[in-house]
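Please look at the sequence and structure shown here before reading on.

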Amino acid sequence: MNPNASTSTAPATGRTAAHNSAEYLTFRLGAEEYGIDILRVQEIRSFEEPTRIANAPPFIKGVVNLRGVIVPVVDLRIKLGCEKVEYNSFTVVIVLNVKGRVVGAVVDSVSDVLELDRDHVKPAPEMGTSTVDTAFITGIASVGERMLILMDIQALMSSPDMGLMDAAA
């Protein structure tokens with residue numbers, strides 16, 4: 001796998017609508033595996049230390065210059081309250097296009113692209129406690145022995161507490 005390779009989704013767009021399915025890029029955060037809509041992914045890059053921004057929240061690691069575009073980089077492990085994991089050769093930045101804005105998301109590793117039939121996606125469980133935020137979880141899918149947490153990455157990245165999007169956007 002080339003972490004600097006761009007992710008192309010052109011051939012899949014006709015198939016997914018016809019078969020009532022969607023394609024997800026899967027990635028790992030600690031022991032959990034997550035999936036996000038492949039259409040939000042612009043590219044996958046190897047991790048490079050971003051330039052830190054003063055007074056930024058801990059989950060915003062800083063910014064990187066991506067071909068002339070200044071891109072904020074969010075560590076999803078910190079944002080989602082996961083255990084701290086060391087950065088290594090598998091750590092990548094998923095470059096996302098969210099509401100017309102380019103944002104980077106640091107993850108432990110990228111697994112693959114899966115096409116999931118919508119019938120196999122179960123709704124996110126209701127949690128009775130206010131300490132668990134399931135607002136950005138769109139569903140859970142079982143893929144063989146793997147449990148995949150499907151995430152609305154656009155809603156997460158554009159949420160007000162992230163501070164990445166203008167309030168008017």
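The sections below treat the basis of the model, its strands and its aromatic rings.

## Basis of the report

The model is predicted: local features need pLDDT of at least 70, side-chain atom pairs count only at pLDDT 80 or more, and totals for chains, interfaces and linings use all residues. Residues are numbered from 1 along each chain as its sequence is written, and side-chain values use heavy atoms, with hydrogens and water left out.

## The open sheet

Helices (H or I, at least four residues) and strands (E, at least two) are DSSP runs, numbered from the N terminus. Two strands pair if DSSP finds at least two bridges between them. Strands of a sheet pair through backbone hydrogen bonds, either parallel or antiparallel.

Five strands form an open sheet in the order β3-β6-β7-β5-β4, and the pairing is mixed. Strands β3 (41–46) and β4 (60–66) stand at the edges; each has a single partner strand, so one side of each lacks a neighbour in the sheet. V73 has G104 in β7 as its bridge partner.

## Strand β11 and its partners

Strand β11 (residues 146–151) pairs with β2 (residues 32–37) in the parallel sense over three bridges, and G35 stands opposite L150 of β11. Strand β10 (residues 137–143) runs antiparallel to β11, and six bridges join them. V143 has R146 in β11 as its bridge partner. The two strands β10 and β11 form a hairpin with two residues between them, and G144 in the turn has a positive phi of about 65°.

## Aromatic rings

Rings of Phe, Tyr and Trp (its six-membered ring) pair if their centres lie within 6.5 Å; planes under 30 degrees apart count as stacked, over 60 as edge-to-face and the rest as tilted. By this rule there are two aromatic pairs. F27 and Y34 are stacked, at 5.8 Å centre to centre with 15° between the planes. The rings of F47 and Y87 have centres 4.4 Å apart and planes at 5°, so this pair is stacked. F47 lies in the loop between β3 and β4, and Y87 in the loop between α2 (76–79) and β6 (92–98), so the pair ties together parts that are 40 residues apart in sequence.
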